[in-house]
Amino acid sequence: MVNALLLLILAAFVVLYWCWPELQRTYWQRKYNHVALTSHEQAILKRYMPIYFKMTDVDRSKLERHIIWFLNEKRFLARDGLTLTAPMKLLIAADACLLVLNKPWPLYKNVKEILLYPSAYYAPQSTRDNAGLVSYHTSVRQGESWPGGTLVLSWHDVLQGNRLPSDGHNLVFHEFAHQLDQQTGKTTGTPALSSKAQYQKWAEVFNRAFTQLKSHVAYNIPHVIDSYGATNEAEFFAVITETFIEKPLQLKQFDPQIYQLLVDYYQFDPKAWH
Ligand SMILES: [Zn+2]
């Protein structure tokens with residue numbers, strides 16, 4: 001009798017575990033179904049996010065649903081005396097949600113909070129030399145993405161990224177791409193993919209493109225992807241995400257294979273937004 005009861009409880013937990021994402025989605029759909037961006041919020045996005053202006057009505061509406069969900073489910077905190085305003089949160093949410101436009105809720109399930117500084121900030125850093133001696137210093141940063149689900153952003157650089165939508169630099173795209181990468185539990189430049197064949201394809205195309213960028217940087221040859229992407233595989237994924245969305249035509253022309261790999265992963269083609 002006790003064994004049967006335990007089995008029943010165990011089965012209930014298993015069913016709940018498998019159904020939980022769908023139950024959550026239904027709950028959120030009901031909760032946010034009647035919430036919409038105001039015309040003032042839409043005007044802010046049209047002014048500061050050129051891509052929003054150029055999207056199809058279907059995509060824009062999908063992005064708006066994501067933004068509403070994101071603003072309600074993620075925490076924003078101001079740092080260094082910054083006064084956090086609704087338009088600031090709106091713009092960050094819009095940029096972040098664009099990356100996951102065609103992904104299901106929960107978006108960025110590991111992300112808990114976004115810390116916003118007025119501009120570039122000093123962060124403590126420690127380095128260990130070959131002899132094992134650790135030195136402590138500070139470095140200037142524009143943003144960070146921590147595997148625990150915290151992002152740190154400089155508002156000045158968030159705004160700059162949106163003011164120049166075709167220069168290949170957008171801090172929010174960069175840091176949230178790191179979060180997508182970190183969803184696997186590691187920061188390797190390979191986000192979660194759905195099949196073994198996809199991982200094989202990713203490794204082949206991604207590694208070839210990364211090696212090519214490193215060689216261009218080493219020999220000072222111009223490349224469509226910013227040289228910071230040559231730092232390591234994780235930075236390459238974050239930087240190429242910025243390039244993919246902000247310079248899609250140039251990236252496709254330069255390397256059609258990596259472009260298609262990113263279209264397949266992100267499930268959108270940003271060419272139409274330019
Ligand atoms: Zn980075």
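Visitor: Where is Tyr108 placed?

Guide: Tyr108 sits in the loop between H5 and E2. Keep in mind that this is a predicted model.

Visitor: Is Tyr108 buried or exposed?

Guide: Count C-beta neighbours. A residue is buried if 20 or more other C-beta atoms lie within 10 Å of its own. Tyr108 counts as buried because it has 22 C-beta neighbours inside 10 Å.

Visitor: Which residue does a cis peptide bond join to Pro106?

Guide: Read omega. The cis peptide bond joins Trp105 and Pro106, with omega about 0°. Pro106 lies in the loop between helix H5 (86-99) and strand E2 (113-117).

Visitor: Now Asn220. What is its phi?

Guide: Asn220 has a positive phi of about 60°, and it is not a glycine. Its place is the loop between helix H8 (196-218) and helix H9 (233-246).

Visitor: Why is Asn220 called exposed?

Guide: The cut-off for exposed is 12 or fewer. Asn220 is exposed because it has 7 other C-beta atoms within 10 Å.

Visitor: On to the sheet. What is the strand order?

Guide: Read across the strands. The order is E1-E2-E6-E5, in an open sheet of four strands with mixed pairing. Strand E1 (75-78) and strand E5 (143-145) are the edge strands, and each pairs on one side only. Neighbouring strands of this sheet are turned by 20° against each other on average, direction ignored.

Visitor: In which sense do E2 and E6 pair, parallel or antiparallel?

Guide: Parallel, over five bridges between E2 and E6.

Visitor: Where is Val152, and what is it in contact with?

Guide: Val152 is in strand E6 (residues 150-154). Leave aside neighbours within four places in sequence. Val152 is then in contact with Leu115, Tyr117, Gly143 and Glu144. Val152 counts as buried because 20 C-beta neighbours lie inside 10 Å.

Visitor: Which strands do helices H6 and H7 lie across?

Guide: Take each helix in turn. Helix H6 (residues 155-163) lies across E2, E5 and E6, and runs at about 75° to E6. Helix H7 (residues 171-182) lies across E5 and E6, and runs at about 15° to E5.

Conventions
Residues numbered from 1 in each chain as written. Predicted model: local features only at pLDDT ≥ 70, side-chain atom pairs only at ≥ 80, totals over all residues. Helix = DSSP H or I, 4+ residues; strand = E, 2+ residues; numbered from the N terminus. Contact = placed C-beta atoms within 7 Å. Pairing = 2+ DSSP bridges. Axes fitted to C-alpha atoms, helices over the stretch in contact; angles between N-to-C directions.
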